[in-house]
Amino acid sequence: MSEAAQTLEGWYALHDFRTINWTAWKQADAEKRNAALDELQSLISEWKAAEDAKTGSTAFYSIVGQKADFVFMHLRETLEELNALEVAFNKTTFAQFTTPAHSYVSVVELSNYMAQPGTDPLENPEIVARLKPILPKWRHICFYPMNKRREGNDNWYMLSMDERRAMMRSHGMIGRQYAGKVKQIITGSVGFDNWEWGVTLFAEDALQFKKLVYEMRFDEVSARFGDFGEFFVGNLLDGDGLNQLLSV
Ligand code: VOV
């Protein structure tokens, strides 16, 4: 058996995608719409308070295209908290105007491929901060799930640790060229959801998603071993953005 990579886990993650029933939203009277918006805003304030207290983080983005209208990405210490968040949203008036479109459950993960031998990663404040990240509120989000292939000669899980480490080094070198342009949060979902990882990227310039993902396609670890699910891309919903989205 090949040596399994050691992983460190941080906050649990829920990507909660919803579609808006625009017909019902437009038909609702202004009073009901305003009440729904007030309630939604107070939920968002609660999430912001959790983020200020560093007990979790939430990002709220509209989704471009027809796979969903918006996504809440929540990070919390436990799965129970994530569950409570989705249930709290489901009980709001605004939720009556939405339908679930997709969801993804995972946990922030760092592997030991790049670890410094003989050091305790949990003593490194940078690593600890990466396990419990405050999500950047950059203009755009890109989310997709992925697997590492297990087919014939292209079986990631049969490679030696050294072979995998060399490929992850090359992967990391490409990623580093995008420092300051793309921020990645890798979440592990083996045992939690249908794919092995969730990849969540943030950027101020959405084109950087295309450039990075395209460049990685030529790198061995993605070219030979990457299998990818559906892509979701969207725009930050800050206070103004939310009001604009929901004004009818
Ligand atoms: C934005 C840049 C960027 C950077 C700097 C970066 C660096 C790194 C490093 C150094 C490491 C290994 C240590 C760790 O931190 O865990 C990883 C790990 C990982 N990555 Fe990555 N990645 C990036 C970006 C980045 C992207 C765009 C993708 C999607 C791939 C693609 O083709 O679409 C990805 C995937 C992953 C995955 C699935 C893992 C876990 C693999 C495993 O087998 O365990 N990643 N990644």
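This is a predicted model: local features need pLDDT of at least 70, side-chain atom pairs count only at pLDDT 80 or more; totals for chains, interfaces and linings use all residues.
Let me start with the ligand. In this model, 24 residues surround the ligand, and the closest are Ser111, Tyr144, Lys148, His171 and Ser222. What is the make-up of that shell by class? There are 15 nonpolar residues, six polar ones and three charged ones.

Next, where the shell comes from. Strand E4, residues 98-111, supplies at least two of its residues, and so does each of E5, helix H5 (161-176), strand E8 (182-188), strand E9 (197-203) and helix H6 (207-217). Which element gives the largest share? That is H5, with five residues.

An oxygen atom of the ligand lies 2.8 Å from a polar backbone atom of serine 111. With tyrosine 144, the distance from a ligand oxygen to an N or O atom of the side chain is 2.5 Å. For serine 222, a side-chain N or O atom is likewise 2.5 Å from an oxygen of the ligand.

Now the record. An unreviewed UniProt entry carries a "binding site" annotation on Arg130, Tyr144, Pro145, Met146, Asn147, Lys148, His171, Gln184 and Ser222. These residues are spread over 93 residues of sequence, and in space their C-alpha atoms are up to 22.7 Å apart. The "active site" annotation, also from an unreviewed UniProt entry, covers Tyr144.

So let us look at tyrosine 144. Tyrosine 144 sits in strand E5, which runs over residues 140-148. Is tyrosine 144 buried or exposed? Its relative accessibility is 6%, and because the cut-off for buried is under 20%, tyrosine 144 counts as buried. Leaving out residues up to four places away in sequence, tyrosine 144 touches Trp197, Gly198, Val199, Leu201, Val213, Phe228, Glu230 and Phe231.

Asparagine 147 is also in strand E5. With residues up to four places away set aside, asparagine 147 touches Trp195, Glu196, Trp197, Phe225, Gly226 and Asp227. For glutamate 196 there is a distance to give: the asparagine 147 side chain reaches the backbone nitrogen of glutamate 196 at 2.8 Å.

Trp195 was in that list, and here is its own entry. Tryptophan 195 belongs to the loop between E8 and E9. Its relative accessible area is 25%, and tryptophan 195 is partly exposed. Apart from neighbours within four places in sequence, tryptophan 195 is in contact with Tyr104, Pro145, Met146, Asn147, Ser189, Val190, Asp227, Phe228 and Gly229. Along the chain, tryptophan 195 and valine 105 are 90 residues apart, while their C-alpha atoms are separated by 9.8 Å.

On to the helices. An α-helix has 3.6 residues a turn, so residues three or four places apart point the same way. Keep that in mind for the next two cases.

In H6, the buried residues are Gln208, Phe209, Leu212, Val213 and Met216. Why do they line one face of the helix? Seen down the axis of H6, these residues fall within an arc of 125°, so they share one face. Lys210 and Tyr214 are exposed on the other side of H6. The buried residues of H6 are covered by elements including E5, H5, E8, E9, helix H7 (220-225) and strand E11 (232-236).

Helix H8, residues 239-246, is the second case, and its buried residues are Gly241, Leu242 and Leu246. Around the axis they cover an arc of only 115°, so they are on the same side of H8. On the other side of H8, the exposed residues are Asp240 and Gln244. The cover over the buried residues of H8 includes strand E1 (7-20), helix H1 (22-27), helix H2 (30-52) and strand E2 (56-63).

Last, a residue in strand E1: arginine 18. Arginine 18 is a charged residue. Is arginine 18 buried or exposed? Arginine 18 counts as buried, because its relative accessibility is 4%. Its side chain and that of aspartate 16 are joined by a polar contact of 2.8 Å. Not counting residues up to four places away in sequence, arginine 18 touches Ala68, Asp69, Phe70, Glu86, Phe89, Asn90, Thr98, Thr99, Pro100 and Ala101.

That is the end of the talk.

Technical notes:
Residues are numbered from 1 along each chain as its sequence is written. Side-chain values use heavy atoms; hydrogens and water are left out. UniProt positions are given in the numbering used here, feature names are shortened, and annotations may be inferred rather than shown by experiment. Helices (H or I, at least four residues) and strands (E, at least two) are DSSP runs, numbered from the N terminus. Buried means under 20% relative accessible area, exposed over 50%, partly exposed in between (1.4 Å probe, protein chains only). Contact means heavy atoms within 4.5 Å. A polar contact is a pair of N or O atoms within 3.5 Å; within protein, one must be able to donate a hydrogen and the other to accept it, and residues adjacent in sequence count only if both atoms are side-chain atoms. A residue is near a molecule or strand if one of its heavy atoms lies within 4 Å of it. The arc is that of the directions from the helix axis to the C-beta atoms.
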